[in-house]
Amino acid sequence: MDRRLSIFIAGVFFLSLGSLCFEVSLSYQFGFMFWTNVSYIIVSIAMFGLGVGGVLGYFISRRKEYFTLLSYAALLFSLFMIISLVAISHASKTEFFEQLSLTHLELLSIDSLLFLMYFSLLPAVPFFFAGIVLSSALNYPTSSKREISYIYFGDLVGAAAGSFLVSLLVPTLSVEGVVIFCSVVALVSSVFFKRPSRRMAGLMVVMLILVGGAFYMKDQMEPVPKKPLTAYVEQGSEILYTRWSPTSRVDVVQFPWGKVQFIVNGSYPVTVLKSDNPFTGNETDIRYFMFFENPESILAIGSGGGVELAMAIQAGSTDVVGVEINPVIMEMMLSEFKDVSKDIYSRPEVTYVVEDGRTYVNRCNRTFDLIENGVLGSDALILPSSIVQTFSDTYVYTVEANQDYWNHLSDDGIAAILVTSLMDEYNALDAETGVSYRLLRQFSTTREALLREGVSPELHMMIFRHVMSSGYTNLYRQTDYTFIFKNPLDEQSVHAILEKAAQAETVIREYYVSINSPEADVFKFECLYAPFYSGVNLDSYLSLVPEGRDVTPTTDDHPYFYHTEKSAPSFLRYMLVGFFALTVLFLVLPVAAERRLKFESRITIPFIGYFVLLGIGYILIQAVSIQRLSLFLGQPAYAFQVILFSMLIFSGLGSFITGRFSNERKMVKRVLAILILVALVYVVGLSPLIYYFMPNPIPTKIVLSVLLLSPLYLLMGMPFPLGLRIVSREVEKDVIWMYAVNGGGSVMGSIIGMILAFSFGFSYAFLVGAFIYAGAFAIVLVAFRK
């Protein structure tokens, strides 16, 4: 490899690093600003810009000015990242944005067009220039085609570095700071493509001044979210602190009446323990009822602000384990809110763990008298689910999770699982009785878990409902408490529990009356289901579930607890159709029209399908891997970093290895055949291996994750550069075009993965990924027939 090529690959490395960092930063930013469905749509549109940039690169790339084009395109990529950051911030503070209703946005209205321009098309512009660079770079001027493998290696390794860095940088610099960092990296990359001329050097100086100013003013470029956090501030609440974790933004809000909450990603509230006497007086909070048996040892999943921990101590518990997944919340509870919370996490009775609650339960080798799952978190808990479709996989509510709780209960232990619903038309099957689709799903999930454990569900379950006002609509909100008892219930114990529930309801209602709270007219705490009790017949309601709704038990393979529709969200199907049309219109037809449908090689048309399928298959397997490893590793940030980093690194090594071989046609057939076989082995064997190794410590599991998946990822990095080399030997410039259509396939692959996961589960989506590669293999066999 000559020195010029090495310097060129370094430029590709830095450009790819900046591009991946910017992509993830947008996901953070829009995840904070908008509900999940909206942010997913606009990030997908922005990412489509890479493919459009590839087509632009095809039309403007010229051998004579090749390196100059790449250098200026990198410079413009750097510039437009800053412009998009400023534009997003400005647009979020306009009267238009304040009055915009995303829940009633008509597709072809002026409002929707303005919204898409500001929040999708403008952020896509930087990717146009990144796409020009990354696609044109693969058309490096050389007679040998092996350089493509090495250049693609630089692309993937740069993206891997970006995926690793972004999770480290966001908590330190915030999203705005990371975007500015990406701009600097892209600016640096331009130097590697061509030594700067005087004019270029002047532009770079101007850019550095612009970037410096942007970093100095980055706090002022923070956007306003379209979420409850904005409403809280408008109503007089004060934001005390703002922090970014590797997975989300956390704002600490103090309300006018003194209550303090962590608001995660602008919507999900976690109340901070704030009391002069936090270990007394909890009887006026219905959650205290969970401790009616005065358990000695307690596991609190989602311990957050420490409220349940204080209740446990009041109940006389001497061994309390609090598990919180968000490291920022835990850090602030140990520092800023140490005094306010009476240093709850440093109490001798309390041990804390920063980890996913389900993963901790699975790996711990002890039992508890009470396991309390208070993880109510989901965007859908804050707004009606007809507006918000949650993408959150919820492993704490699956059949396997219920089995884990059961197996970690002491002989007299109890597990309490809380689920909240807004009782609107979408969520409630029978609002008057208190039967929601989520309640039925929890009922069926717990029952299935107990059946798998070989016990009679009817004798081990009780379900209560807590009715409260929603706080933002005249509809009421309901939290269902599902109790699982290790010992079978008898008539005497049931009646004793019901009596304690009635006493708790009386105490709380009298408290609301004493403080003249309107909640007194809404509040209820009553039993819905129990043995030896004439409650609600939930089995009969299961038969009344409409055809289009789904309340079947959720599993680790299909963990979308809050999604109670049989099929995937409809907007995902519309997105798939839309991006297929956009791929044809903007990535395929422009080049085909320019050639007047006359192609110099007979493999061009089939290889369009080949590269689209590679994009779909790669992203499908990547997305499923990240989802499965989230449960295994116990932290979404770990899963993202480990899977994406290792996938890109080993795919890059696979690309590098292909540079050692010259017969691309022969090698691509062998690689695809082996890849398909290996992927099918993973379909069968990955889940059992995950459960087998799950009890190991996190560092061990990180190493195991890399070792388990690296062979597959190594193979997945080979078909793309081999295909590009084949195309380049036929029609050199088509390399740029094929990069573009592959980008369209990648966007569609993400959507297909979501549809399959919602509809059938992760294993099915992984299997489809293997078949997608089989489709690419079939295209190769057909294209190479003599």
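**From one arginine to the core**

Modeller: The side chain of Arg595 makes a polar contact with the side chain of Tyr58, at 3.0 Å. Keep in mind that this is a predicted model.

Biologist: Where does Arg595 lie?

Modeller: Arg595 lies in the loop between α16 (570–594) and α17 (604–633).

Biologist: Is Arg595 buried or exposed?

Modeller: Arg595 has a relative accessible area of 11%. Buried means under 20%, so Arg595 counts as buried.

Biologist: What does Arg595 touch, leaving out residues up to four places away in sequence?

Modeller: Arg595 touches Tyr58, Thr604, Val731, Asp734 and Trp737.

Biologist: New topic. How many residues are in the largest nonpolar core?

Modeller: That core has 172 residues. Those with the most contacts inside it are Phe119, Leu572, Phe607, Tyr610 and Phe611. Helix α6 (residues 147–193) gives the largest share, 21 residues.

Biologist: Now helices. Where does α19 bend?

Modeller: Helix α19 (residues 664–693) bends by about 45 degrees at Gly685. A proline, Pro688, follows within four residues.

Biologist: Which residues of α19 are buried?

Modeller: Buried ones include Glu664, Met667, Val668, Val671, Leu672, Leu675 and Ile676. An α-helix has 3.6 residues a turn, so residues three or four places apart point the same way.

Definitions and conventions
Residues are numbered from 1 along each chain as its sequence is written. This is a predicted model: local features need pLDDT of at least 70, side-chain atom pairs count only at pLDDT 80 or more; totals for chains, interfaces and linings use all residues. Side-chain values use heavy atoms; hydrogens and water are left out. A nonpolar core is a set of buried Ala, Val, Leu, Ile, Met, Phe, Trp, Tyr and Cys residues joined through side-chain atoms within 4.5 Å. Buried means under 20% relative accessible area, exposed over 50%, partly exposed in between (1.4 Å probe, protein chains only). Helices (H or I, at least four residues) and strands (E, at least two) are DSSP runs, numbered from the N terminus. The bend at a residue is the angle between axes fitted to the seven residues ending there and the seven starting there. A polar contact is a pair of N or O atoms within 3.5 Å; within protein, one must be able to donate a hydrogen and the other to accept it, and residues adjacent in sequence count only if both atoms are side-chain atoms. Contact means heavy atoms within 4.5 Å.
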